[in-house]
Amino acid sequence: MSQFQQTAPGLKNQYDDDRVLRSYLARVLPADVLSDIQESLSEMGRLAGGELYELQLADRLNEPTLTQWDAWGNRVDKIELTPLWHRAEQIAAEHGVVATAYEQKHGSLSRVHQCALAYLFTPSTDIYSCPLAMTDGAARTLLNSGNQTLIDRAVPHLITRDPKEFWTAGQWMTELTGGSDVGLSETIAKQAEGTNTYRLYGRKWFTSAIASQMALTLARPEGNPPGGRGLALFYLETRDEHGRPRNIQINRLKDKLGTRKVPTAELTLDGTPAELVKEASDGVRNIAPLLNITRLWNGISAVALMRRGIALSFDYANKRTAFGATLSEKPLHVDTLATLQAEFEGAFHLAFYVAELTGRSETREISDDDALLLRLLTPIMKLTTGKQAVMVASEVLESFGGAGYVEDTGLPVLLRDSQVLPIWEGTTNVLALDTLRAAQGLKRFESVVRECVENVDNDAARVVRSALDHAMSWLAETKDEAREAGARRFSLTLGRTIELALLIKHAHWSLDPKTVNSANRFASVGVDVIF
Ligand code: MFK
C-alpha cells in the first residue's frame, strides 16, 4: 500500500501575500492614507486566508433553503442561509465592505479602499459579493435620487457597520420577457388613489439574494407606454414587522450551475407595496447608477477569483512533485502559470482604475471627460474581466490535474462561480453594444492609453499603440450591421489594450521585474482581437 499523501494547497494572509495589490496601492495612495488603511486590509487578508477560507471549505455542501409553508398551513416563504453566509454578513458589516465607500474617510480614494476590502473578502465567501454589490448599488442609487424620505429610511441601514442594523438590498430587474431587454418588463404598478404609494403586480424571474430586507425594482405605472422609458424605479421592503413577506410569493429557488450559496428566486408580486424613487417613468435610466456599481463589483470579483485560483495553484506547484521535481521547477508549468498571472494583472489594473474613477465621480471631483470615460470603461471592464475570469479559472483547475476536477478539493466551485461573471449584470454582447452607445468617452480613452505608454519604447508599448490605432480605424470605417456584429471584438480589444497600457505604466513605476515580465507576456499573448 502506498504511504504517499499529497499536501493540499494552502493560503497565507491574502493581503500580505499579494504583490499586485500592495504594489498598486503604494502607487495610487498617498503614504498617510496607505498607512491608515493597511491594518484593515491585513485583517481582511488574515480572515480570507484563515477563518473564512476554513469555513468556506467546511460549508461546501450547504445550500440555502426555501420553506414555503409552516406546520400550520401558513405561507411563510422563509429563506435559510448557510453558516458561511451568516458569518460573511457579520464580517462584511463590521469591516465596512460597503460602508467604507460611504464614510469617505479618504475622499474619493475610499472607493479604492473599499474595493480592496471587497477583493480580499470575495473569494472566501462564495459570492456574498452579490448581495453586497446590490446593497452598495442601492445606496448609491438612493443617494443620487435626492429622495430624502427614502434616503433617511434605508441608506443608514445599507452603510452601517453594526451587523444588527445592517440591511442588504435586492435588484429585481429580470422578468420572463425581459432579461437583457429590460424594457419588455410586464410588472404593473397601481397607484392607491390620493397617495404616493403603489402596489406592484407581476412576476420577477431571476432575483438574486432574495433574503434582502429591501429591493429596488422596475414596474410600469398603469397607462405608461411600453419600453424602458415607461418603466419606473420603485423601492420596496420585503417583509412586514412580523417577518411576513409583503404580498410577495417566493415560488422557488433557481437550480444554477454556480453561485449556489446565492438564494436566487422566482417571485410573484401580488400587490406588493412600493414607493417611487424618482419620477413615474424612465426606470432604466434611473436604475443605471445601481447597474454601474454592480458592474464595478463584478470586475472586482473577477480579479478576486482569478487571484484566488492562481494563489492556490502557485502554492500547490511548490508542494506537488511529478517527473522528478516539483511543478514549480517545471518550465512548462511555470510558463502556464505566468500567462495566467499576466491576465490577472492586466485585469486587476483595469478593475481598480474603474474604482478610482468611480470614487472621483462620487465625490464630484471628476472632469466631464473622465465622467464620459467612466461611462465607457464600466461595460468594457466588466465584459473583459468576466471573460478572463472564466479562462483563468478553467486553466487553474487544469493546473491541478485530476484534483482540480474533484469537488471536495474546493476547486471546481471557482470555475462554476466565475462562469456567472460574463452572464449577470449584462452579458458580453449586451455590454459590447453598450460600449458603442458610450463611445463619447473614446476621446479620453485614447489619450489615457497613449499617456500610459508615452515614454515607453518597447515591444509591449508598440502592441498598445498598434491595437489602439486598429480599434479607432475599425470604428471609423465600420457602420450599421458590420459595426454591431463586430462590437464584441471591438470592446474586448479596447479592454485588453487599456489593461496592457495600465500594466506597462505600473511596471515602469514599480520597476519590479515580475510586473515587467507580466506586461511583456500579456503583450505577447496579444490584445487585438479585431478582424
Ligand atoms: C459579483 C458582483 C456582482 C453581483 C451582482 C449580482 C446581481 C445580479 C443580478 C442581475 O443580474 S440583475 C439584472 C441585470 N440586468 C442587466 O444588467 C440588464 C442588461 N441590459 C442592459 O444593460 C441594457 O443595455 C439596457 C437594459 C440598459 C437597455 O435598455 P433600454 O431600455 O434599451 O435602455 P437605453 O435606451 O439604452 O437607456 C435608457 C437610458 O438609460 C438612457 O438615458 P437617456 O434616457 O437619458 O437617453 C441611457 O443613457 C441610460 N443608461 C443605460 N445604461 C446606462 C445608462 N446610463 C448610465 N449608465 C448605464 N450603464
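1. The model is predicted: local features need pLDDT of at least 70, side-chain atom pairs count only at pLDDT 80 or more, and totals for chains, interfaces and linings use all residues. Residues are numbered from 1 along each chain as its sequence is written, and side-chain values use heavy atoms, without hydrogens and water.

2. Helix α11 covers residues 368-399 and helix α17 residues 487-510; they pack at about 90 degrees, with axes 9 Å apart. On the α11 side, the contact (heavy atoms within 4.5 Å) includes Leu377, Ile380 and Leu383. Among the α17 residues they meet as a group are Leu492, Leu494 and Ile498. By class, this contact has six nonpolar, five polar and four charged residues.

3. Helix α14 (residues 442-452) has Leu442, Phe445, Val448, Val449 and Cys452 buried, that is, under 20% relative accessible area with a 1.4 Å probe, protein chains only. These residues lie on the same side of α14, because they cover an arc of only 120 degrees around the axis. The cover over them includes α10 (331-362), α11, α15 (459-477) and α17.

4. Strands β1 (residues 65-69) and β2 (residues 75-80) pair in the antiparallel sense over four bridges; pairing requires that DSSP finds at least two bridges. Trp69 has Arg75 in β2 as its bridge partner. Five residues stand between the strands of this hairpin, where Gly73 takes a positive phi near 90 degrees.

How values were computed
Helix = DSSP H or I, 4+ residues; strand = E, 2+ residues; numbered from the N terminus. Axes fitted to C-alpha atoms, helices over the stretch in contact; angles between N-to-C directions. Nonpolar A, V, L, I, M, F, W, Y, C, P; charged D, E, K, R; others polar. Buried < 20%, exposed > 50% of the residue type's maximum accessible area, 1.4 Å probe, protein only. Arc of directions from axis to C-beta.
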